[in-house]
Amino acid sequence: MDKKELGQGKAEPKISKKSFLDTLKMTQFENFSDKLTALKIKHKKARKSATLMKSEYFALIKEFMDQEGNILKIQDMCLLADVSRSGYYNWVKSEPNRVVKDERDAEDFALIKEAFNYRGYPKGARSIHMYLLHQENPVLMNVKKIERLMRKFNMKFELKGNGINRKISQMAISGRSAPKFSKLELPEATARRQQFVLMAACHKFPNERVGYFVAIIDTFTKQILAHLTSARDTNDIVKVLLEKLSAREDCKEVKEVLFENGDKFETLKISSLMRSKKSRDYVLDNAFDSDTVAQEHLIGFLRDEINVNSYETSYFGKDAVDDWVDYYNKDRYIWHLDKLSPDEYDEFLQTGKSPLNK
């Protein structure tokens with residue numbers, strides 16, 4: 001091979017040390033920027049507190065600082081993450097205390113998780129707070145702490161069904177304005193066992209048959225005193241419901257019930273309902289369609305916490321509804337009932353002894 005042939009091949013250009021470091025720095029900077037962007041998107045969806053977000057930004061900066069061959073400066077990464085260098089140094093310095101706090105938070109979160117999963121119904125921070133108070137060894141954990149730990153460990157309060165609360169929650173998350181649902185509150189009784197509300201709702205199941213849920217509620221204790229889930233052509237639903245109510249020792253003297261029709265309550269005589277099939281049909285004919293009409297109290301809770309659409313017929317959904325009513329009366333604690341369940345509040349009114357005063 002002669003010298004001409006040797007001279008035909010071009011030698012690769014040499015890269016200066018400065019160019020190599022600039023390229024490496026740009027690669028590391030892009031990698032850091034990508035991870036930071038992903039973290040910000042995650043925080044936006046999770047709606048975490050500013051303290052938790054900064055903590056994760058500091059952890060990302062430390063991760064890059066500990067990498068072998070890293071040439072990024074703390075100053076640059078802090079500037080990009082919009083956090084202070086002094087804050088980062090304080091975060092690194094407080095690591096031993098943070099480890100102890102994380103261990104304590106993990107222990108408290110185990111209690112929250114147990115409460116959250118109790119009986120399989122979704123619970124928010126206030127429900128968890130009340131559940132912990134009702135334990136054999138009561139735990140006093142304030143609502144703000146529960147919310148903080150739920151955010152920290154990514155526990156989300158999600159409603160199962162398609163009730164009003166779920167619709168509002170979905171619209172809030174998606175950024176759309178919440179719909180203007182009509183909200184009709186139960187009338188407040190001035191004395192216990194004074195007013196009762198007859199509620200009726202219908203739902204069209206996949207087999208095209210319509211199922212009905214009817215219930216009678218004590219407006220003072222919020223107890224479900226009697227309920228029934230059935231198809232209209234299977235039972236004389238309202239009559240069976242009233243018979244169940246009169247079978248209760250504490251409801252034998254009930255003479256009338258309130259019935260929601262449209263945007264108002266009207267009074268119905270129980271004696272008239274028992275005598276007249278036409279009156280009973282009137283109740284079912286005016287039962288609201290749970291898919292289109294908003295009822296914030298009992299039916300709203302039921303449809304939020306049970307996925308009614310997962311059942312083919314009302315017959316198969318009956319056991320789920322019965323279990324939910326039992327949960328509602330016994331274990332669904334209500335904030336304005338002194339943090340007691342409806343059954344507990346009823347017993348408290350009779351005995352003067354609260355289960356929370358242990």
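Modeller: Happy to! This is a predicted model, and the protein averages a pLDDT of 80, with 77% of the residues at 70 or above, that is, they score at least 70.

Biologist: Where is confidence lowest, and where is it highest?

Modeller: Helix α9, residues 164-174, is lowest with a mean of 49. Helix α7, residues 125-133, is highest at 94.

Biologist: Which residues stay under 50?

Modeller: Residues 170-184 do, and the model has 17 contacts for them beyond four places in sequence. Where pLDDT is low, the predicted coordinates should not be read in detail.

Biologist: Okay, on to the rings. How many aromatic pairs turn up in the whole structure?

Modeller: A search finds twelve. One of them is Phe58 with Trp91, a tilted pair with 6.1 Å from centre to centre and 45° between the planes.

Biologist: Why does that pair tie parts of the chain together?

Modeller: Because Phe58 sits in helix α3 (residues 50-65) while Trp91 sits in helix α5 (residues 85-93), the pair ties together parts 33 residues apart in sequence.

Biologist: Are Phe58 and Trp91 buried or exposed?

Modeller: Phe58 is buried, and Trp91 is buried as well. Ring pairs also link Phe58 and Trp91 with Tyr88 and Tyr89 in a cluster.

Biologist: What lies over the face of Trp91?

Modeller: Arg98 does, at 3.9 Å from the ring centre. Elsewhere, Lys339 lies over the face of Trp335, at 4.5 Å from the ring centre.

Biologist: Switching to strands: how does β1 run relative to β2, parallel or antiparallel?

Modeller: Strand β1 (residues 196-204) and β2 run antiparallel, joined by nine bridges. In that pairing, Val197 stands opposite Ile217 of β2.

Biologist: And what about β2 with β3?

Modeller: β2 and strand β3 (residues 224-231) are also paired in the antiparallel sense, over seven bridges. Gly211 has Ala231 in β3 as its bridge partner. The hairpin of β2 and β3 has five residues between the strands, and Lys222 there takes a positive phi near 65°.

Biologist: How many residues of β2 are buried?

Modeller: Eight of the nine residues in β2 (residues 210-218) are buried, so to speak "mostly covered".

Biologist: Now charges. How many salt bridges does the structure hold?

Modeller: It holds 16. Side chains of opposite charge can pair when their charged atoms come close. Asp66 and Lys62 form one of these salt bridges, with the closest N and O atoms 3.0 Å apart. Asp66 is exposed at a relative accessible area of 54%, and Lys62 is partly exposed at 22%.

Biologist: Which salt bridge partner does Lys145 have?

Modeller: Asp108, with the closest N and O atoms 2.7 Å apart. Lys145 is in helix α8 (residues 143-152) and Asp108 in helix α6 (residues 95-117), so this pair links distant parts of the chain, 37 residues apart. Asp108 counts as buried at 15% relative accessibility, whereas Lys145 is partly exposed at 27%.

Biologist: And which residue pairs with Arg280?

Modeller: Asp236 forms a salt bridge with Arg280, and the closest N and O atoms are 2.8 Å apart. Arg280 belongs to helix α12 (residues 277-285) and Asp236 to the loop between β3 and α10, 44 residues apart. Arg280 counts as buried at 6% relative accessibility, while Asp236 is partly exposed at 26%.

Biologist: Which residues do salt bridges with shared partners join into one network?

Modeller: That network joins Arg119, Asp323, Asp326, Lys330 and Asp331.

Note on methods. Residues are numbered from 1 along each chain as its sequence is written. Side-chain values use heavy atoms; hydrogens and water are left out. pLDDT is the predictor's confidence in each residue, from 0 to 100. Helices (H or I, at least four residues) and strands (E, at least two) are DSSP runs, numbered from the N terminus. Contact means heavy atoms within 4.5 Å. Rings of Phe, Tyr and Trp (its six-membered ring) pair if their centres lie within 6.5 Å; planes under 30 degrees apart count as stacked, over 60 as edge-to-face and the rest as tilted. Buried means under 20% relative accessible area, exposed over 50%, partly exposed in between (1.4 Å probe, protein chains only). A charge sits over a ring if NZ of Lys or CZ of Arg is within 6 Å of the ring centre and within 35 degrees of the ring normal. Two strands pair if DSSP finds at least two bridges between them. A salt bridge is a side-chain nitrogen of Lys or Arg within 4 Å of a carboxyl oxygen of Asp or Glu.
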